[in-house]
Amino acid sequence: MTTSSTPASQLTLTRPDDWHLHLRDGEALQAVVPHTAAQFARAIVMPNLRPPVTTVQQALAYAQRVRAAVPPGADFEPLMTLYLTDNLDPEEIRRAQANREGGAPAQVVAVKLYPAGATTNSDAGVTDLRKIWPVLEAMQRSGMPLLVHGEVTSPDIDLFDREAAFIDTHLTGLRRDFPDLRIVMEHITTREAAQYVRQAGPNTAATITAHHLLYNRNAIFTGGICPHYYCLPVLKRETHRLALVEAATSGDPHFFLGTDSAPHATHLKEHAQGCAGCYTAHAAIEMYAEAFEAVGALDRLEGFASHHGPDFYRLPRNTGRITLQRQAWQVPGDYAFGQARLTPLRAGQTLPWKLATPV
Ligand code: DOR
Ligand code: ZN
């Protein structure tokens with residue numbers, strides 16, 4: 001970690017990628033893709049649509065819809081994922097690989113494991129890891145990463161303990177049974193997860209969101225209940241936030257940027273049973289810069305945001321650059337979202353960094 005007495009007025013980085021993103025479909029997709037395409041060259045697009053994206057054919061069709069929503073002149077490539085169900089045919093892994101080797105631009109690069117019922121649109125998720133053994137074997141052979149929503153779903157386990165319990169109950173065994181399987185523990189939120197990933201060897205990595213670096217669970221309850229800070233896995237105590245900041249800024253290549261930006265209409269967040277998800281795509285890299293600067297680690301941002309992800313996914317690093325300027329700006333109160341509105345994280349607040357050159 002480094003400190004500097006004269007704060008930098010600008011920061012130029014290799015163009016970053018977002019290794020965990022929700023884009024939805026239809027009008028919602030149209031509304032959010034321009035934000036991400038302005039910041040990131042590529043993004044791993046989550047498959048938890050209704051119905052979920054469970055075949056290569058569906059993933060490629062979804063990729064076309066994403067590309068069609070990219071504004072003219074923007075350069076953005078979606079990296080697609082399949083949603084793992086109890087019934088996913090291992091043949092889909094072979095199809096995804098074949099598509100990859102064929103060099104076609106739309107690529108299915110990973111498979112997402114949601115334990116059934118863990119979060120938004122996860123009802124079709126996996127009920128028992130033993131049911132997906134053949135798929136995991138095929139993935140281990142092919143080198144395709146398994147992206148894990150690492151929370152147990154048992155109602156007996158306290159909401160705040162579900163990630164740590166997942167490591168002990170499932171991840172340790174999965175790691176032992178499939179030593180060569182490439183695993184990304186998505187959006188980690190705890191000290192236990194950071195510690196686990198750090199010592200789990202070269203085939204285990206983790207994404208970290210901007211909101212988990214910036215906030216602890218007090219944010220959800222300060223001055224009344226604040227639904228726009230509610231996501232899953234839920235924000236944790238300050239000790240966990242500090243452990244995540246330490247991991248992200250450590251230079252360890254197994255930690256990289258994944259926003260988990262998850263748009264929900266404002267009226268469904270501000271609701272008696274508000275949806276889980278924070279929308280951060282409008283200012284993601286700015287918020288990461290803020291979190292890194294707070295601990296004097298801006299010099300580590302490029303590795304985390306632009307190098308470690310492609311290295312783990314065995315994809316080339318981007319060649320373009322972006323520049324962030326120290327320029328205070330106010331986040332809009334909301335954005336259009338089809339017929340509804342979308343409230344971004346930090347709505348109406350002032351951010352210290354602003355993206356200057358959306359390539
Ligand atoms: O907060 C979340 N929102 N966590 C997830 O895992 C899913 C996401 C969504 O799709 O809204
Ligand atoms: Zn997510």
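Predicted model: local features only at pLDDT ≥ 70, side-chain atom pairs only at ≥ 80, totals over all residues.
Local features need pLDDT of at least 70 and side-chain atom pairs count only at pLDDT 80 or more, while totals for chains, interfaces and linings use all residues. Residues are numbered from 1 along each chain as its sequence is written, and side-chain values use heavy atoms, with hydrogens and water left out.

The protein chain has 12 helices and 13 strands, taken as DSSP runs numbered from the N terminus (helices H or I, at least four residues; strands E, at least two). Its radius of gyration, taken over C-alpha atoms, is 19 Å, close to the 21 Å that the globule rule (2.2 Å times the number of residues to the power 0.38) gives for 359 residues, so the chain is as compact as a globular protein of that length. As for burial, 58% of the 359 residues count as buried, meaning under 20% relative accessible area with a 1.4 Å probe, protein chains only.

Turning to the strands, E10 (residues 321-330) pairs antiparallel with E1 (residues 10-14) over 5 bridges; pairing takes at least two DSSP bridges. Here Thr-14 sits opposite Arg-321 of E10. E10 is also joined to E13 (residues 350-355) by 5 bridges, again antiparallel, with Trp-329 partnered by Leu-351 of E13.

Then there are helices H11 (residues 284-294) and H12 (residues 301-313). Ile-285, Tyr-288, Ala-289 and Phe-292 of H11 meet Leu-301, Phe-304 and Ala-305 of H12, where contact means heavy atoms within 4.5 Å. The residues of this contact split into 7 nonpolar, no polar and no charged, with Ala, Val, Leu, Ile, Met, Phe, Trp, Tyr, Cys and Pro counted as nonpolar, Asp, Glu, Lys and Arg as charged, and the others, Gly among them, as polar.

Key
Chains lettered and ligands numbered in written order. Buried < 20%, exposed > 50% of the residue type's maximum accessible area, 1.4 Å probe, protein only.
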